[in-house]
Each structure stands twice: as structure tokens, then as C-alpha cells.
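I opened the model to look up a few side chains and their partners. My notes follow the display.

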Amino acid sequence: MTHADLLEATGLEEEVLGNLLTELATLEPELQQDEHLHWRLGAPESTWTAAERLTLHRGLSALATRGAEPTAALHALAHRLTAPLPTHVQVALPPLPQPAQQTLAPEQVLPLVTQAWLGGHALQFEYLRPGRAQSRRRVTLQPHLICGHPVTLELLVVGRELNGRRPQRTFRLARMLGAQLHPGRPAAAPVPVPTCPAASAVTLRFTGQARLRVIEGRVPHLSEPIINPDGSVDATLQAPHDGRAALPWILSWGGGAEVLSPAPLRAQWQAELRAALTAAQRPPTQFGAGAA
């Protein structure tokens, strides 16, 4: 755009626009006017070495295998990485693998889950098992309820797994791959009353930098904070069951978070901290260089 185009598009005063362009030029040295007085922001040429390009290409292959990124975007990036390489290298490089199932974003999965729930249909998908190096299993589910996790606010679908033994299972939408409606008829039998993971109130006290994050609202699943006279902040967390599932998250705050209630959770939190202190005070065991 020219200077006049920018004035018309932004509706700014000429002096204000001039100041903004001056400030932008100090931040982006590539911002300059061409011979036609158009403002252009150039992208600097990459200084990657050939070895770095090959390393990044191998990383793109790993992402493509996981199926966690849009395939078209990965192929475009791979082309940009390999274009400057010699032709015989480009020919020898293997193409990016095609994942068996493409991961859908939660906002893409939710309409399918909702459609299955409203219509009484079963839902088929592959589920990423947590902590098992991207291991997957095939699931056919009769959805009974869609709700949010009380701690992480992740979307969950609760239902009866048709090829499983439990009367009710809970799955995270973010771990569902290749979701699609089951081609069979809707279920005619009445379904049991579903329940989301039960939650109990956990009262926490935050100090130091942690209190600032809570006051600024960076932890959305906490209740409205109460500021104490000494500057500390109390807030309530709705955690599943007796709250023990939230303990790793509470410990991640270090000394910035204290468990006030319930008493059993506070006792377990204290025990974990004492064990960590004992391990920190004990010299680490040294193993030989050949230890596996």
C-alpha cells in the first residue's frame, strides 16, 4: 500500500500513521518503500545450512507420522526446506508419510460427537492412549453426555463403549482421531443416566509470583481469588473425586501454592514435599559409565 492507501484503510491521522511507520521501521529493518512508493515488508532469506534443512525435514516426517498437524501445511513446509538443496538430494529424500488417521481439532470433533449424541448414533474413532508413546486403540462409543473436565476444562464425552466391558467410559475429545458416525441404526434401548467425573472443592493459597498469575486470571479453572491481608491469595479448585488427581498440578507450583483443604489432600501434599526435600538433601548415587 501507498501512504494514502494506508490512511484510507486505517482511518488514522497522518501524523499518527507517520509515527507508527517510523516505529515499525525500527523494529523491522526490512520495511521500506519501493520505486512506486508502496510500503513493503520483506522476509529475510533463510541462512540455514543444508544439514539443518535435512534435520528439519526429518522433524516434519515425525510430525506427519503422528498425524497431529495439517498434512497440506507440512508438505508446503517440506517443499520450502528442500527447494534450495541439490536435485539429486531432493530426489533421494523420502516423501512425508501419510498418517493412518488425521487428527481433528476439538472444534471439528465436537459437531460429530454432538450429532451422535442427539441422534442416538454410535461413534467410531481411534483413541490416543496417554503415556504410551502414541499408542492407539479402536473405540465404538454410544455417547451419553458431553461435559468439561473440572480441572483442565477439556471437553469430555461420556458413554458406553460397545466393544468394551465397562458400563461407562470417559474420553477426551482432544485424543480422538478419525472420528466418524457409526453406519448402524440408532440405539433404541434406554441409556443409563451418565455422570461426569465427580468433583470436590480444594482450597489453595498462592504466594509470590504465583499469586500474581492467579490475580491476573491466568488460571481459568480457579474460583474468584480472595486477597488476604498479608497479600496471599486463596482460591478454590474443583478437582475430580478427592482431589488427588490435581496433586501433580499443585506440586508444579513449587512453594507458590499451599493446600489448605481437604485435610487428606493436605496431608498427602505435605508428604510429597517432605519426600522431595529428603531426596534433595541426599547426595545422588553415582553409577559407572557402563550402566544401562
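**Entry 1: Tyr-127**

I looked up Tyr-127 and found it buried, with a relative accessible area of 9%. Buried means under 20% relative accessible area, exposed over 50%, and partly exposed in between (1.4 Å probe, protein chains only). The model is predicted: local features need pLDDT of at least 70, side-chain atom pairs count only at pLDDT 80 or more, and totals for chains, interfaces and linings use all residues. Residues are numbered from 1 along each chain as its sequence is written, and side-chain values use heavy atoms, with hydrogens and water left out.

Which residue stands opposite Tyr-127 in strand 4? I found Arg-137 there. Strands (E, at least two residues) and helices (H or I, at least four) are DSSP runs, numbered from the N terminus.

**Entry 2: the aromatic cluster**

I searched for ring pairs next. Rings of Phe, Tyr and Trp (its six-membered ring) pair if their centres lie within 6.5 Å; planes under 30 degrees apart count as stacked, over 60 as edge-to-face, and the rest as tilted. The count came to 5 aromatic pairs.

I took Phe-125 and Phe-171 to begin with. Their ring centres are 5.5 Å apart and their planes stand at 80°, so I logged the pair as edge-to-face. Phe-125 lies in strand 3 and Phe-171 in strand 6, so this pair ties together parts 46 residues apart in sequence. Both Phe-125 and Phe-171 are buried.

Then I checked Tyr-127 against Phe-171. They form an edge-to-face pair, 4.9 Å centre to centre with 80° between the planes. Tyr-127 lies in strand 3 and Phe-171 in strand 6, so the parts tied together here are 44 residues apart in sequence. Phe-171 has a relative accessible area of 1%, so I noted it as buried. Ring pairs link Phe-125, Tyr-127 and Phe-171 into a cluster.

What is the order of the 5 strands in the open sheet? I read it as 6-5-4-3-7, with antiparallel pairing. The edge strands are strand 6 (169-172) and strand 7 (176-181), each pairing on one side only. Neighbouring strands of this sheet are turned by 45° against each other on average, direction ignored. Axes are lines fitted to C-alpha atoms, for helices over the stretch in contact, and angles run from 0 to 180 degrees between N-to-C directions.

How many bridges join strand 3 (residues 123-128) to strand 4? I counted 6, and the two strands run antiparallel. Two strands pair if DSSP finds at least two bridges between them.

**Entry 3: salt bridges**

I went back to Arg-137, this time for its charge partner. A salt bridge is a side-chain nitrogen of Lys or Arg within 4 Å of a carboxyl oxygen of Asp or Glu. I found 4 of them in the whole structure.

One of them joins Glu-161 and Arg-137, at 2.6 Å from N to O. Glu-161 lies in strand 5 (residues 155-161) and Arg-137 in strand 4, so the pair ties together parts 24 residues apart in sequence. Is Glu-161 buried or exposed? Glu-161 counts as buried, at 4% relative accessibility. Arg-137 is buried as well, with a relative accessible area of 18%.

Glu-161 also forms a salt bridge with Arg-169, where the closest N and O atoms are 3.3 Å apart. Arg-169 is partly exposed, at 22% relative accessibility. I noted Arg-137, Glu-161 and Arg-169 as a network of salt bridges.

I logged Arg-266 and Glu-258 too, whose side chains meet in a salt bridge at 3.1 Å, N to O. Arg-266 is partly exposed, with a relative accessible area of 24%. Glu-258 is partly exposed at 27%.

**Entry 4: Gln-142**

I looked up Gln-142 in strand 4 (residues 136-148). Gln-142 counts as buried, at 6% relative accessibility. A polar atom of its side chain lies 2.9 Å from the backbone oxygen of Gly-120.

**Entry 5: confidence**

I checked pLDDT last, the predictor's confidence in each residue, from 0 to 100. The protein's mean is 81, and 84% of its residues reach 70 or more. Confidence is lowest in strand 2 (residues 39-41), at a mean of 80, and highest in strand 11 (residues 257-261), at 93. Where pLDDT is low, the predicted coordinates should not be read in detail.

Notes. A polar contact is a pair of N or O atoms within 3.5 Å; within protein, one must be able to donate a hydrogen and the other to accept it, and residues adjacent in sequence count only if both atoms are side-chain atoms.
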